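This report describes how one protein chain packs together. Look at the sequence and the structure first, then read on.

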Amino acid sequence: MRARPPLAAAAAACRAPLRLLRTGLAAAMSAARPLKSVDYEVFGRVQGVCFRMYTEDEAKKIGVVGWVKNTSKGTVTGQVQGPEEKVNSMMSWLSKVGSPSSRIDRTNFSNEKTISKVEYSNFSIRY
């Protein structure tokens with residue numbers, strides 16, 4: 001192994017703490033962002049209109065994780081988790097937009113809480 005010239009070694013030693021500081025700040029900033037979890041149930045014309053597929057696509061676009069599935073009652077239910085502002089955006093979409101052929105009569109949200117980490121690695125359709 002070749003020895004570094006003294007000046008190069010000194011410069012590398014100076015950069016190491018800066019690299020650690022940047023990494024530490026990024027980790028602290030991401031840890032400081034509040035995470036939110038909420039369960040939902042969507043009522044209306046939400047089955048047979050690709051609602052689950054559009055929900056999965058929208059969740060992935062927004063950047064949240066969780067799941068969605070049809071119920072035997074003709075509703076769609078699920079859970080969404082992620083940064084608070086992104087979960088709020090998904091909640092708005094679930095209340096007002098849905099799939100192009102759907103009709104949302106109402107959306108019930110429950111078990112809304114702050115969490116320390118998300119429980120899912122992606123957003124998926126459950127059967």
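Val64 touches Ala59, Val80, Gln81, Lys86, Val87, Met90 and Phe123, leaving aside residues up to four places away in sequence. Touching, or contact, means heavy atoms within 4.5 Å. The model is predicted: local features need pLDDT of at least 70 and side-chain atom pairs count only at pLDDT 80 or more, while totals for chains, interfaces and linings use all residues. Residues are numbered from 1 along each chain as its sequence is written, and side-chain values use heavy atoms, with hydrogens and water left out.

**Overall layout**

The protein has three helices and five strands, in the order α-β-α-β-β-α-β-β along the sequence. Helices (H or I, at least four residues) and strands (E, at least two) are DSSP runs, numbered from the N terminus. Of the 127 residues, 35% count as buried; buried means under 20% relative accessible area, exposed over 50%, and partly exposed in between (1.4 Å probe, protein chains only).

**The core**

Val64 is also among the residues with the most contacts inside the largest nonpolar core, which has 19 residues. Such a core is a set of buried Ala, Val, Leu, Ile, Met, Phe, Trp, Tyr and Cys residues joined through side-chain atoms within 4.5 Å. Strand 1 (35-45), helix 2, strand 3 (76-83) and helix 3 each give two or more residues to this core. Helix 3 gives the most, with five residues.

In helix 2, the buried residues are Phe51, Thr55, Glu56, Glu58, Ala59 and Ile62. Their cover includes strand 1, strand 2 (65-70), strand 3, helix 3, strand 4 (103-115) and strand 5 (123-125). After helix 2 comes Gly63, with a positive phi near 100 degrees.

How many aromatic pairs does the structure hold? There is one aromatic pair. The ring centres of Phe51 and Trp93 are 6.0 Å apart and the planes stand at 45 degrees, so the pair is tilted. Rings of Phe, Tyr and Trp (its six-membered ring) pair if their centres lie within 6.5 Å; planes under 30 degrees apart count as stacked, over 60 as edge-to-face and the rest as tilted. Phe51 lies in helix 2 and Trp93 in helix 3, so the pair ties together parts that are 42 residues apart in sequence.

Both partners are buried:

| Residue | Relative accessible area |
|---|---|
| Phe51 | 1% |
| Trp93 | 8% |
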